Amino acid sequence: MNLVPTISSEWLKFRSVRSTVYALAITVFLCVGIGALGCFAEHQQWPTERAFERIAFDPVRTSLFGFFFAEIAIGVIGVLIISSEYSSGSIRMTLAATPRRLSVLVSKAVVLFTSTLVVGEACAFISFFVGQAVLSPAKTATLGTPGATQAVFLGGMSLALLALLALGIATMMRHTAGAITVFVSLQLVLLLIVSALPTSWNVHILKFLPEVLTQSMRSAHASGAQLMWFSPWTSTLVLAAYAVASLIGGGLLLLRRDA
Amino acid sequence: MVPDVEVSVPVRGRAQPLHGCTEPRHIVRDCRVVIEARGLVKHYGTTIAVDDLTFSVRAGIVTGFLGPNGSGKSTTMRMMIGLDHPDAGSVTIDGLPYGEIKWPLRQVGALLEAKALHPGRSARNHLRALAASNRIPRSRVEEMIELVGLATVAKKRAGGYSLGMGQRLGIAAALLGDPEVVLFDEPVNGLDPEGIQWVRELLRSLAKQGRTVFVSSHLMSEMALTADHVIVIGKGKLLEDADIGEMIAKAGTSVLVRSPDAARLAEALGRSGATVHPQADGSLIVTELAAAAIGEVAAREGVVLHELAPQQASLEEAFMALTKEHLEFGHST
């Protein structure tokens, strides 16, 4: 199965609409801007913080604070790459051109993963350096600090995996608004609900939530409640498993349903 | 901006095979069968959209696919290109199910609905993406933009296109791969009279090049002008599968007669076996007797004739009669 023509077609489609470009620009802005804001707040509080707070403080994760918001923008990109085809009706032309439907989904996933990984990594490294500059003279990290490079890299990767998760959801749902609602619910609403549960329960559940997985991925070291979470690499694998599962679900429905 | 006079489709590396259909309107039966639908069935919930439909479509002629709105035309066409899965039956193009064609756009060009494209993407990028998916050279994209007369707006976002422009872009997309088979669903919808004329000539010229042209419409009059053969369906069932000439013959003819002595003539014609329908304006519509015979009866009776005009019974009437029991209003499929 030669995917090159389908991938080049999907890549052309991906970059030829302004909404994609805008959403990626918003992603960068949220990552870097809100990350810097979070670091500035910490910079202000640092003199009054106590020793244990200073020890627990993770300058890497704080500089990547903006990712919490950028994840929503990335989810919208992942949703739109297929839901816009359903809302406009162009999915029919796409599937007429490539009747092997899984090729279409795989090609979309390749284009989406590659571009969001590039943007995600750029966001992560820029946010990291900007954040450390803002934090100083509070505790800062360099790429040489234990766990720092890994946290920055996995932080970028988390955006790409979330984009795939969103693509899978949108392929199953086919409607933009519905898919975005489901994605945001998984990211945020679920987090609020689970956090409201008694602590003795939620420590066992929290670590499975996508938002907690991504936080674990962008942490250089764990402390406190975070010690109950999956390690960054395990979190990466779990999030990847979610993305693959949603793509498989989407793929099965795509094959079965009429277009 | 409409190239309305000369419609020539640029042909890439084709030896113009006509499949023996040099005079398509006369030897339809000799043309090669390209599309074969066998026992197609499609349900949506409890309603049946397509009900055991079997027909074939030949190369080198224009085959019209007729039926009232909601009769299953679009559903059938979607099944032809693998978008909808039939509940039973199959459809093949040159012996292959659509899904097994290696580069489908190079073999089958389909126009399904106007403006089935992302509103934020330009016509040129839309066509380029389609071309890339089937390894069609980019030069072909520019040729098609020229052909359909969208050169001045090719860079603009498709969201701002009129229905007619969307339809032209759809036609450009369908012809992009220089396909042997062309499937057009209601191609003249939304077009101005000039555009309609252009589509008619395009369809005829595609057929003349030996391609298989399958075009749906809910207007018999439209098909009468372009099709060599018609397949008529109603409520998903096959009602008629005939050459356009046969359809006209079946529709029957009548003769309009005017005479200052209409009453006496009507009586005489009645005796000669004709059926006479007196009209409000004093004229007579005569069926079951040819114009020549009517003239002879009048001469014999010494009745003066002011007018003796054979009427081509309208195909539209024949079509209406055929589909009357099958009319089903509702959502268009």
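**View 1. Buried residues of helix H9 in chain A of this predicted model.** Let's start with the side of H9(A) that is tucked away: Ala179(A), Ile180(A), Val182(A), Phe183(A), Leu186(A) and Gln187(A) are buried. The cover over these buried residues includes helix H5 (67-88), helix H8 (148-173) and helix H11 (210-217) of chain A. What about the end-to-end span of H9(A)? The helix has 21 residues (176-196), so at 1.5 Å a residue it should span 30 Å, and its end C-alpha atoms are 29 Å apart, which agrees.

**View 2. The crossing of helices H1 and H7 in chain A.** Here helix H1 (residues 4-15) meets helix H7 (residues 101-135), with axes that come within 9 Å and cross at roughly 55 degrees. Is that parallel or oblique? The angle makes H1(A) oblique to H7(A), and H1(A) passes H7(A) in a right-handed crossing. To find the contact from the H1(A) side, look for Thr6(A), Ile7(A), Glu10(A), Trp11(A) and Phe14(A). Their counterparts on H7(A) are Ser103(A), Val104(A), Ser107(A), Lys108(A), Val110(A), Val111(A) and Ser115(A).

**View 3. A cis peptide bond between Ser136(A) and Pro137(A).** Most peptide bonds are trans. Here, though, the bond joining Ser136(A) and Pro137(A) is cis, with omega about 10 degrees. You will find Pro137(A) in the loop between H7 and H8 of chain A.

**View 4. Two residues of chain B with positive phi, Asp94(B) and Arg135(B).** Most residues other than glycine have a negative phi. Asp94(B) has a positive phi, near 50 degrees, and is found in the loop between strand E4 (88-93) and helix H2 (104-107) of chain B. Arg135(B) also has a positive value, with phi near 55 degrees, and lies in the loop between helix H3 (123-133) and helix H4 (138-147) of chain B. Are these residues buried or partly exposed? Asp94(B) has 16 C-beta neighbours inside 10 Å, so it counts as partly exposed. Arg135(B) counts as partly exposed because it has 16 C-beta neighbours inside 10 Å.

**View 5. Met80(B) and the residues it touches.** Now to helix H1 (residues 73-80) of chain B, where Met80(B) lies. Met80(B) has 25 C-beta neighbours inside 10 Å and therefore counts as buried. Leaving aside residues up to four places away in sequence, Met80(B) touches Ile35(B), Val91(B), Tyr98(B) and Leu183(B). How far is Met80(B) from Leu219(B) in space? The two are 139 residues apart in sequence, and their C-alpha atoms are 21 Å apart.

**View 6. Ile231(B) in strand E8 of chain B.** Strand E8 covers residues 229-234. Ile231(B) is buried because 25 other C-beta atoms lie within 10 Å. Which residues does Ile231(B) touch, not counting those up to four places away in sequence? They are Phe55(B), Thr63(B), Phe65(B), Leu66(B) and Asp241(B). Gly67(B) is 164 residues from Ile231(B) along the chain, yet their C-alpha atoms are separated by 8.5 Å. For a wider look at chain B, residues 24 or more positions apart account for 72% of its contacts with a separation of 6 or more. Chain B has 11 helices and 13 strands, and buried residues make up 45% of its 333 residues.

Methods:
Residues numbered from 1 in each chain as written. Chains lettered and ligands numbered in written order. Predicted model: local features only at pLDDT ≥ 70, side-chain atom pairs only at ≥ 80, totals over all residues. Helix = DSSP H or I, 4+ residues; strand = E, 2+ residues; numbered from the N terminus. Expected span 1.5 Å × (residues − 1). Buried ≥ 20, exposed ≤ 12 C-beta atoms within 10 Å, placed from the backbone. Contact = placed C-beta atoms within 7 Å. Axes fitted to C-alpha atoms, helices over the stretch in contact; angles between N-to-C directions. Parallel < 35°, antiparallel > 145°, perpendicular 65-115°, else oblique. Left-handed = near helix turned anticlockwise from the far one by under 90°.
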